[in-house]
Amino acid sequence: MFSRLLQLLHPNDIAVDLDKTLAKESKFAGTTVIGPPIPAMVERVKKMLADGEDVRIFTARIANDKSGAARKAIEEWCRKYIGEVLPITDLKDDGMKVLY
């Protein structure tokens with residue numbers, strides 16, 4: 001039921017995985033340490049946003065993020081490399097247009 005609710009709230013969104021898709025991942029150093037950007041994918045996300053697409057960050061980093069520290073680190077990473085804060089989710093839903 002929750003997945004259906006997400007589909008209704010965010011139909012046709014594009015989810016982009018953070019680690020190894022948007023950001024290079026080295027040895028895991030905690031949920032607040034995010035690797036440098038993967039330039040080609042960051043540019044693709046910027047183009048999708050410019051084209052009016054609903055783009056979200058998909059990551060398990062926020063699944064148990066009770067303090068909000070991981071979410072804040074991701075928001076800061078987005079602001080620095082994408083130029084704006086994107087919505088962040090750890091849930092897949094049937095309404096996703098695509099998941100990278």
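## Terms and basis of the model

Two residues are in contact here when heavy atoms of theirs lie within 4.5 Å of each other. This is a predicted model, in which local features need pLDDT of at least 70 and side-chain atom pairs count only at pLDDT 80 or more, while totals for chains, interfaces and linings use all residues. Residues are numbered from 1 along each chain as its sequence is written, and side-chain values use heavy atoms, with hydrogens and water left out.

## The loop between E1 and H2

Asp19 lies in the loop between strand E1 (14–17) and helix H2, where helices (H or I, at least four residues) and strands (E, at least two) are DSSP runs numbered from the N terminus. Leaving aside neighbours within four places in sequence, Asp19 is in contact with Glu25, Thr59 and Arg61. With Arg61 there is also a side-chain to side-chain polar contact of 2.7 Å; a polar contact is a pair of N or O atoms within 3.5 Å, of which, within protein, one must be able to donate a hydrogen and the other to accept it, and residues adjacent in sequence count only if both atoms are side-chain atoms. Asp19 has a relative accessible area of 17% and is buried, a word that stands for under 20% relative accessible area, with exposed meaning over 50% and partly exposed in between (1.4 Å probe, protein chains only).

Lys20 is found in the loop between E1 and H2 as well, but Lys20 counts as exposed, at 63% relative accessibility. Most residues other than glycine have a negative phi. In Lys20, which is not a glycine, phi is positive, near 70°.

## Helix H2

The end C-alpha atoms of H2 are 16 Å apart, which agrees with the 16 Å that its 12 residues should span at 1.5 Å a residue; the expected span is 1.5 Å times one less than the number of residues. Met41, Val42, Val45, Met48 and Leu49 are the buried residues of H2. Seen down the helix axis, they fall within an arc of 120° and so line one face of H2, the arc being that of the directions from the helix axis to the C-beta atoms. These buried residues pack against E1, E2 and H3.

On the other side of H2, the exposed residues are Pro39, Ala40, Lys47 and Ala50. For Pro39 the relative accessible area is 55%, and its C-alpha is 8.7 Å from that of Ala23, a residue 16 places away in sequence. After H2 comes Gly52, with a positive phi near 90°.

Helix H3 (residues 69–81) has 13 residues, and the 18 Å from its first C-alpha to its last is close to the 18 Å expected. Its buried residues are Ala70, Ala73, Ile74, Trp77 and Cys78, and because they fall within an arc of 140° when seen down the axis, they line one face of H3. Their cover includes helix H2 (39–50), strand E2 (55–58) and strand E3 (88–89). Lys72 and Lys80 are exposed on the face of H3 turned away from the buried side, and Gly83, which follows the helix, has a positive phi near 95°.

The structure holds 1 aromatic pair, for which rings of Phe, Tyr and Trp (its six-membered ring) must have centres within 6.5 Å; planes under 30 degrees apart count as stacked, over 60 as edge-to-face and the rest as tilted. The partners are Trp77 and Tyr81, in a tilted arrangement with 5.0 Å centre to centre and 50° between the planes. They are 4 residues apart in H3 and therefore separated by about one helical turn. Trp77 is buried, at a relative accessible area of 5%, whereas Tyr81 is partly exposed, at 26%.

## The nonpolar core

A nonpolar core is a set of buried Ala, Val, Leu, Ile, Met, Phe, Trp, Tyr and Cys residues joined through side-chain atoms within 4.5 Å. The largest one has 21 residues, and those with the most contacts inside it are Leu22, Val45, Trp77 and Ile82. E1, H2, E2 and H3 each supply at least two residues of this core, and the largest share, 5 residues, comes from H2. Not counting residues up to four places away in sequence, the residues that Leu22 touches include Val16, Met41, Val42, Val45, Ile57, Trp77 and Ile82.

Arg56 lies in strand E2 and is buried, with a relative accessible area of 9%. The side chain of Arg56 makes a polar contact of 3.2 Å with the side chain of Asp54.
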